Amino acid sequence: MLDLMNNARIGVAAQALGLAEAAFHDASVYASQREQFGQPIAKQPLVMTMLAKMAVNIEAVRALCYNAFELIDLTQARETALAGSALSEAERGAHQETLERDTVRLRLLTPLVKYFATEVCHDITRDAMQILGGVGYTMDSDVAKLHADSLIMTVYEGTSEIQASFALKEVGKGALAVVFDQARKEVAAMRGDPKRAPLAERVSGMIGRVEESTKVLFGDIQYALLRAKLLAEMVIDVLAATELLRQAGADPRRIDVAESFVLRRALEGETMARRIE
């Protein structure tokens, strides 16, 4: 039953990503064509800021989804390898250890991906309607329909609140240490890259702040449940930032997306940590 629900949650995250991408596309096209005050509204600072934030958040969702899909592929491949007889005892032990670690990571990542993708989808479709203005509210455009569809994304296969509670449960079972151990290794590997090193240092600081605030949470389980969404968002920010920086290592053109996300979310993460404490 749990496997079935987790697969469905990953599927809903991908569905939400598609809705967000469609809404962003329509908003971008409209903003480039609609003129006010002698220029396309896409060049108006406030609209430009909305479009930029939408683009970066979509890439962050996609990065987190890809991270989850990668883990699913790896765990399934290792399960297949372990079911066979071609491995030596040493190889079997190494695969089993890695499989157990990645399974723990995936159990935490799954509710976080569903939470993040669907909440971002809701925000982006709403912003797309704002950019289209009254036109976006009419049935002549798709963004109103996309926004209406986004509302169910945060509800079915478990509401955002349920996803945050599930993530908190996995954190309480020790999953955060496993996830952050991997994140620290990936961030440490970036310190030799002059473009990524400063951002990697910021992510390292974000990891530390999450761990500090977690100590406060687990002194009182009722308070931990109250702040589950804040903790979920802080962990999401770390994982999405790490993945975006990892992508920038493969394609340097993606460094601007990573930088925008890291710098904005590091500040917001500090605020969330202070609220918890």
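The secondary structure of the protein comprises 11 helices and 2 strands, where helices (H or I, at least four residues) and strands (E, at least two) are DSSP runs numbered from the N terminus. The model is a predicted one, in which local features need pLDDT of at least 70 and side-chain atom pairs count only at pLDDT 80 or more, whereas totals for chains, interfaces and linings use all residues. Residues are numbered from 1 along each chain as its sequence is written, and side-chain values use heavy atoms, with hydrogens and water left out.

Read from the N terminus, the order of the elements is α-β-β-α-α-α-α-α-α-α-α-α-α. The radius of gyration of the protein is 20 Å, close to the 19 Å that the globule rule gives for 277 residues, so the protein is as compact as a globular protein of that length; the radius is taken over C-alpha atoms, and the rule is 2.2 Å times the number of residues to the power 0.38. The C-alpha trace spans about 70 × 45 × 40 Å along its principal axes. Of the 277 residues, 47% count as buried, a term that denotes under 20% relative accessible area, with exposed denoting over 50% and partly exposed the range in between (1.4 Å probe, protein chains only). Among contacts with a separation of 6 or more, 77% are accounted for by residues 24 or more positions apart, contact meaning heavy atoms within 4.5 Å.

Two cavities of 30 Å³ or more are present in the structure. On a 1 Å grid over the protein atoms alone, a cavity is a set of points where a 1.4 Å probe fits but cannot get out, and lining residues have an atom within 4 Å of a point; grid points are joined across faces, edges and corners, and a volume is the space filled by probe spheres set on the points. The largest cavity has a volume of about 140 Å³, and its lining consists of Asn 67, Leu 71, Arg 105, Leu 108, Leu 109, Val 179, Gln 182, Ala 183, Glu 186, Leu 239, Thr 242 and Glu 243. The elements that give two or more residues to this lining are α2 (45-83), α3 (89-132), α7 (175-188) and α10 (228-250), with α7 giving the most, at 4 residues. By class, the lining of the largest cavity has 6 nonpolar, 3 polar and 3 charged residues, where Ala, Val, Leu, Ile, Met, Phe, Trp, Tyr, Cys and Pro count as nonpolar, Asp, Glu, Lys and Arg as charged, and the others, Gly among them, as polar.

The second largest cavity holds about 40 Å³ of space.

Arg 105, a lining residue of the largest cavity, is found in helix α3 and counts as buried at 12% relative accessibility. Apart from neighbours within four places in sequence, Arg 105 is in contact with Asn 67, Leu 71, Val 178, Val 179 and Gln 182. Ile 72, in helix α2, is likewise buried, with a relative accessible area of 18%; residues up to four places away in sequence not being counted, Ile 72 touches Ile 10 and Leu 106. Ile 72 and Asp 102 are separated by 30 residues in sequence and by 8.7 Å in space, C-alpha to C-alpha.

In helix α1 (residues 2-33) lies Ala 20, which counts as buried at 3% relative accessibility. Ala 20 touches Ile 58, Cys 121 and Ile 124, residues up to four places away in sequence again being left out, and the C-alpha atoms of Ala 20 and Asp 123 are 8.6 Å apart although the two residues are 103 residues apart in sequence.

In helix α5 (residues 143-153), the residues Val 143, Ala 144, Leu 146, His 147, Ser 150 and Met 153 are buried. They cover an arc of only 160° around the axis, which puts them on the same side of α5, the arc being that of the directions from the helix axis to the C-beta atoms.

Most residues other than glycine have a negative phi. Phe 37, however, has a positive phi near 55°; Phe 37 is placed in the loop between β1 (35-36) and β2 (39-40) and counts as exposed at 75% relative accessibility. A positive phi, near 60°, is also found at Glu 157, in the loop between α5 and α6, where Glu 157 is partly exposed with a relative accessible area of 34%.

Terms used:
1 Å grid on protein atoms, 1.4 Å probe; cavity = no way out; pocket = protein on both sides within 12 Å on 5 of 7 lines; lining within 4 Å.
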